[in-house]
Amino acid sequence: MNSGFSASATRRGFRSAAFAGLKRGSFDKLGVVVALLTFAALLFEPFVTLRANRIVSGKGVNVFDALPHATAFAAVVVIAIVAAAAIARTATWIRAVGAGLALVVLAFLVGETPPHLIGPNQPLARVTPAGAFWLIGFAFALLLTDAIGRLRLGPWARLAILAVAFGIAAAFLVSGQWDGLSVMKEYAVHSDSFWQEAASHVELALASLGGALVVGLPLGVACQASPRLRELTLPVLNIVQTIPSIAMYGLMMAPLAWFAAKVPGAAELGIRGIGTAPALIALFLYSLLPVVGNTVVGLDSVPAQSLEAAQGMGMTRRQRLLGIELPLATPVILTGVRIVLVQNIGLVTIAALIGGGGFGVFVFQGIGQAATDLVLLGAIPTIALAFSAAVILDALVDILKGKT
Amino acid sequence: MIEVSNLSRRFGELLAVDSVSFGVAAGTITALVGTSGSGKSTLLRLVNRLIEPTSGSVKIDGRDAAAVSGEELRRGIGYAIQGNGLFPHWTVARNIATVPELLGWDKPRIARRVEELLHLFGLEPALYAHKLPRQLSGGQQQRVGVARAIAAEPKVLLMDEPFGALDPIIRLKAQEDILAIQRRVGITILLVTHDLDEAIRLGDRIAVMDSGRLLQYGSPAEILANPARGFVERLVGGADRPLRLLSLGKVAELVEPGQAAGAPISEATSLRDALSDLLWRGSEALPVASDKGAPLGRITLPAIVARAGRRA
């Protein structure tokens with residue numbers, strides 16, 4: 001016992017000494033990675049790809065050729081300063097602001113490339129961001145999220161940062177800075193269906209979540225109260241969770257087609273073997289496990305003494321559930337909702353395969369046409385949606401936890 | 001106030017409470033003492049029907065407890081438990097208001113009652129009403145738990161090891177507080193404890209339980225002086241018995257005329273504390289004064305020793 005304690009104390013002492021040594025002298029590890037990645041990308045990777053039209057393969061253009069010399073030089077200087085600040089052990093907020101600034105500069109630069117590269121007699125030519133853009137963007141995004149994580153910001157501050165990020169992206173979109181890029185050219189062609197698919201993407205993700213809450217919350221409450229029901233339900237939901245999404249959509253098709261054909265009125269309601277109905281049901285089934293499981297865990301975590309006191313003071317089962325148990329379980333249940341929403345936003349993409357709609361439509365059309373730009377038109381908003389949902393629900397969980 | 005007759009509760013093969021009968025007079029404290037598994041907590045839960053009896057009956061204030069629904073019954077009986085069981089997401093004020101709200105009191109009346117209780121328990125409302133339980137110390141949480149239990153002015157308060165989670169110094173203070181409040185409010189308390197000293201300190205009457213049966217029911221002095229053969233004898237018969245006996249008496253009972261040197265002690269001091277004081281000071285006798293400081297005489301070591309050994 002004694003020796004174990006002193007050994008761990010020694011280890012702790014050793015670690016803090018090593019940490020202090022790093023702090024006094026050398027570099028920030030993540031900063032070194034970011035800087036190396038940035039410079040390697042600038043030197044060896046093309047910044048954008050220039051193609052004669054949307055489906056031929058093109059040639060890579062590095063940052064100095066893709067931009068006017070003065071712009072390219074200024075940009076490299078800014079990026080180098082931020083990278084240097086990342087290597088040195090600078091204050092965390094400086095790293096955050098620097099990384100954010102570098103990302104804005106990067107986003108601005110990429111918009112500057114099309115007018116520089118494409119002449120007036122090349123209306124079909126396309127400019128797509130390439131390796132260097134994505135790698136540098138990735139490096140600084142890493143630096144930014146690391147710095148924000150280390151700042152231990154409260155939920156409201158994190159929401160504010162998300163809002164600022166959206167504001168900046170919106171400003172770029174509205175100002176037309178990115179209009180020359182190939183993704184925006186795809187958007188120009190698909191602008192009608194884009195918003196329609198966006199709406200059906202969000203609808204599918206939210207409707208399946210809503211259904212899972214309506215069914216899963218009562219089921220979770222019932223499972224928590226009855227160990228036998230719990231033993232029956234959770235393993236089944238676990239198995240459902242392991243079915244690959246494409247297989248799940250496939251499994252839905254036959255029974256739903258049969259249902260639509262045999263049950264009068266079903267087809268009129270839009271129930272068919274393909275389309276929204278199987279997508280919705282599959283997503284709903286995937287959503288059940290996190291909702292039911294987290295409801296059970298959340299209710300289990302309510303202090304037994306609070307429950308005994310509640311019962312001893314004459315609260316009914318209903319009053320205990322609504323007034324004490326569910327409010328105390330809410331942060332854990334919301335964690336389940338976060339998992340469901342992020343998971344569903346991703347899975348809706350696959351639903352396009354069976355005619356479910358959503359951003360996946362562009363992804364699969366793009367794959368079919370070998371048009372990467374169209375794939376990006378579907379992929380980028382999906383990622384933005386999933387990321388925002390995660391940030392917003394994380395913040396919500398923290399806000400609610402702060403109140404209990 | 002509480003009339004328990006032939007009360008039994010069976011869990012499968014186990015007879016947790018075995019035809020227990022006793023009565024608790026209004027405005028008194030009765031302590032249920034026993035080891036864990038003795039059935040004392042089950043008995044307490046049978047009184048407010050958190051557990052339904054297998055047979056027998058409970059009358060509270062003359063009315064059969066089984067005549068109303070369990071919830072309605074419990075709203076009329078205070079209930080405080082070990083570790084207080086406060087609702088962590090509710091403020092102190094809302095926690096205290098739980099039962100009044102269940103009973104549908106109007107808002108101003110609830111607010112007045114909460115403020116009154118916070119004052120009674122020495123928690124300044126402006127400072128504490130809007131705090132969450134986790135922002136309070138353990139002792140404060142325990143006081144809020146008791147305040148919540150008596151918020152709707154019940155005539156009966158049930159307490160299950162209410163001081164069990166407190167450290168010894170705070171526990172002593174909490175026990176004194178509950179005695180003071182009980183005297184002020186005149187509530188009838190039935191309290192479960194495994195600590196005999198706590199039962200002696202708080203109880204007007206002590207009920208000793210073992211294996212589901214009520215072995216002896218009497219005043220602390222009776223239990224200490226004439227313990228029933230077997231379990232009760234072993235429970236009270238330890239090396240502390242003379243000291244426990246002394247803790248029941250006051251200095252006033254043994255004052256004799258005469259003089260003694262040293263600072264006077266109060267006539268309200270327990271004989272146990274007086275003995276301790278005499279031994280510590282190394283004197284044979286100490287002067288005794290009234291609460292107001294008037295000299296009353298003296299108390300001597302031999303007198304206390306004689307008292308401690310009298311019935312042993």
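Two residues are said to be in contact when their C-beta atoms, placed from the backbone, lie within 7 Å. The structure is a predicted model, in which local features need pLDDT of at least 70 and side-chain atom pairs count only at pLDDT 80 or more, while totals for chains, interfaces and linings use all residues. Residues are numbered from 1 along each chain as its sequence is written, and chains are lettered from A and ligands numbered from 1 in the order in which they are written.

We begin with helix α15 of chain A, residues 372-402, where helices (H or I, at least four residues) and strands (E, at least two) are DSSP runs numbered from the N terminus.

Helix α7 (residues 155-175) of chain A packs with α15(A) at an angle of about 160°, their axes lying 8 Å apart; axes are lines fitted to C-alpha atoms, for helices over the stretch in contact, and angles run from 0 to 180 degrees between N-to-C directions. That angle makes α7(A) roughly antiparallel to α15(A), since angles over 145 degrees count as roughly antiparallel, those under 35 as roughly parallel, 65 to 115 as roughly perpendicular and the rest as oblique. In this contact, A:P155, A:R158, A:L159 and A:L162 of α7(A) meet residues of α15(A) that include A:V391, A:I392 and A:D398. By class, the contact of α7(A) with α15(A) has seven nonpolar, one polar and two charged residues, with Ala, Val, Leu, Ile, Met, Phe, Trp, Tyr, Cys and Pro counted as nonpolar, Asp, Glu, Lys and Arg as charged, and the others, Gly among them, as polar.

Another pair in chain A is α8(A) with helix α11 (residues 276-300), whose axes come within 7 Å and cross at roughly 40°, so that the two helices are oblique to each other.

Turning to chain B, B:T300 is in strand β13 (residues 295-300). B:T300 is partly exposed because 18 other C-beta atoms lie within 10 Å.

Terms used. A residue is buried if 20 or more other C-beta atoms lie within 10 Å of its own, exposed if 12 or fewer, and partly exposed in between; C-beta atoms are placed from the backbone.
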